[in-house]
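Here are my notes on the model you sent over.

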Amino acid sequence: MRTEAGLSQQALARLIGVDQATVSRIERGLQAASIGQVKKIAEACGYEVRLVRLRKRKRAA
(Lines give C-alpha, C1' and ligand atoms only; values in the text may rest on other atoms or scores of the structure.)
Protein backbone atom coordinates (compact mmCIF):
# COMPACT_ATOMS: atom_id res chain seq x y z
CA MET A 1 0.00 0.00 0.00
CA ARG A 2 2.76 2.42 0.93
CA THR A 3 4.61 2.24 -2.37
CA GLU A 4 1.37 2.36 -4.37
CA ALA A 5 0.49 5.53 -2.46
CA GLY A 6 3.86 7.00 -3.44
CA LEU A 7 5.08 7.28 0.15
CA SER A 8 8.57 6.65 1.45
CA GLN A 9 8.97 4.85 4.74
CA GLN A 10 10.02 8.16 6.30
CA ALA A 11 6.92 9.98 4.99
CA LEU A 12 4.60 7.22 6.21
CA ALA A 13 6.31 7.20 9.58
CA ARG A 14 5.71 10.94 9.97
CA LEU A 15 2.05 10.55 9.02
CA ILE A 16 1.38 7.79 11.54
CA GLY A 17 3.57 9.09 14.37
CA VAL A 18 6.34 6.49 14.50
CA ASP A 19 9.95 6.39 13.35
CA GLN A 20 11.12 5.02 10.00
CA ALA A 21 12.70 1.99 11.67
CA THR A 22 9.29 0.95 13.01
CA VAL A 23 7.75 1.11 9.52
CA SER A 24 10.65 -0.96 8.21
CA ARG A 25 10.22 -3.62 10.93
CA ILE A 26 6.46 -3.82 10.27
CA GLU A 27 6.99 -4.21 6.53
CA ARG A 28 9.61 -6.93 7.03
CA GLY A 29 7.39 -8.83 9.45
CA LEU A 30 9.74 -8.31 12.38
CA GLN A 31 7.19 -6.32 14.38
CA ALA A 32 3.45 -6.69 14.57
CA ALA A 33 1.43 -3.53 14.00
CA SER A 34 -1.32 -2.74 16.46
CA ILE A 35 -4.89 -2.37 15.20
CA GLY A 36 -4.50 1.38 15.63
CA GLN A 37 -1.32 1.41 13.56
CA VAL A 38 -2.92 -0.69 10.82
CA LYS A 39 -5.79 1.80 10.66
CA LYS A 40 -3.40 4.78 10.50
CA ILE A 41 -1.26 3.11 7.82
CA ALA A 42 -4.27 2.29 5.66
CA GLU A 43 -5.74 5.78 6.00
CA ALA A 44 -2.37 7.42 5.24
CA CYS A 45 -2.26 5.33 2.04
CA GLY A 46 -5.71 6.47 0.98
CA TYR A 47 -7.88 3.60 2.17
CA GLU A 48 -11.07 3.88 4.16
CA VAL A 49 -11.05 1.67 7.23
CA ARG A 50 -14.09 0.27 8.95
CA LEU A 51 -13.47 -1.68 12.10
CA VAL A 52 -16.05 -4.12 13.36
CA ARG A 53 -16.78 -4.27 17.04
CA LEU A 54 -16.51 -7.82 18.29
CA ARG A 55 -18.51 -9.27 21.14
CA LYS A 56 -17.95 -12.57 22.82
CA ARG A 57 -20.81 -15.03 22.37
CA LYS A 58 -22.68 -16.30 25.34
CA ARG A 59 -22.24 -20.00 25.80
CA ALA A 60 -25.31 -22.22 25.50
CA ALA A 61 -26.39 -23.66 28.84
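1. Leaving aside neighbours within four places in sequence, Q9 is in contact with R2, Q20, V23, S24 and E27; contact here means heavy atoms within 4.5 Å. The side chain of Q9 also makes a polar contact with the side chain of Q20, at 2.4 Å. A polar contact is a pair of N or O atoms within 3.5 Å; within protein, one must be able to donate a hydrogen and the other to accept it, and residues adjacent in sequence count only if both atoms are side-chain atoms. Bear in mind that this is a predicted model: local features need pLDDT of at least 70, side-chain atom pairs count only at pLDDT 80 or more, and totals for chains, interfaces and linings use all residues. Residues are numbered from 1 along each chain as its sequence is written, and side-chain values use heavy atoms, with hydrogens and water left out.

2. Q9 lies in helix α1 and counts as buried, at 18% relative accessibility. The cut-offs are under 20% relative accessible area for buried, over 50% for exposed and partly exposed in between, using a 1.4 Å probe and protein chains only.

3. A polar atom of the R2 side chain lies 2.9 Å from the backbone oxygen of L7. With neighbours within four places left out, the contacts of R2 are L7, S8, Q9, L12, E27 and C45.

4. Now for the helices. The protein has three of them and zero strands, in the order α-α-α from the N terminus. Both kinds of element are DSSP runs numbered from the N terminus: helices are H or I with at least four residues, strands E with at least two.

5. What do the buried residues of α1 pack against? Those residues are Q9, A11, L12, A13 and I16, and they pack against α2 (20-27) and α3. The buried set of α2 is T22, V23, S24 and I26, which packs against α1 and α3. After α1 comes G17, with a positive phi near 80 degrees; after α2 comes G29, also with a positive phi, near 75 degrees.

6. R59 is in the segment after α3 (35-44) and is exposed, at 78% relative accessible area. The C-alpha atoms of R59 and I16 are separated by 39 Å, the two residues being 43 apart along the chain.

7. On overall shape, the C-alpha trace spans about 55 × 25 × 20 Å along its principal axes. Of the 61 residues, 25% count as buried. Among contacts between residues at least 6 apart in sequence, 40% join residues at least 24 apart.

8. Finally, surface and charge. The protein exposes about 5,200 Å², with carbon and sulfur atoms supplying 50% of it; the areas come from the Shrake-Rupley method with a 1.4 Å probe. There are 13 positive and 5 negative side chains, and the centres of the two sets lie 14 Å apart. Lys and Arg count as positive, Asp and Glu as negative, while His and the chain ends are not counted; each charge is placed at NZ of Lys, CZ of Arg, CG of Asp or CD of Glu.
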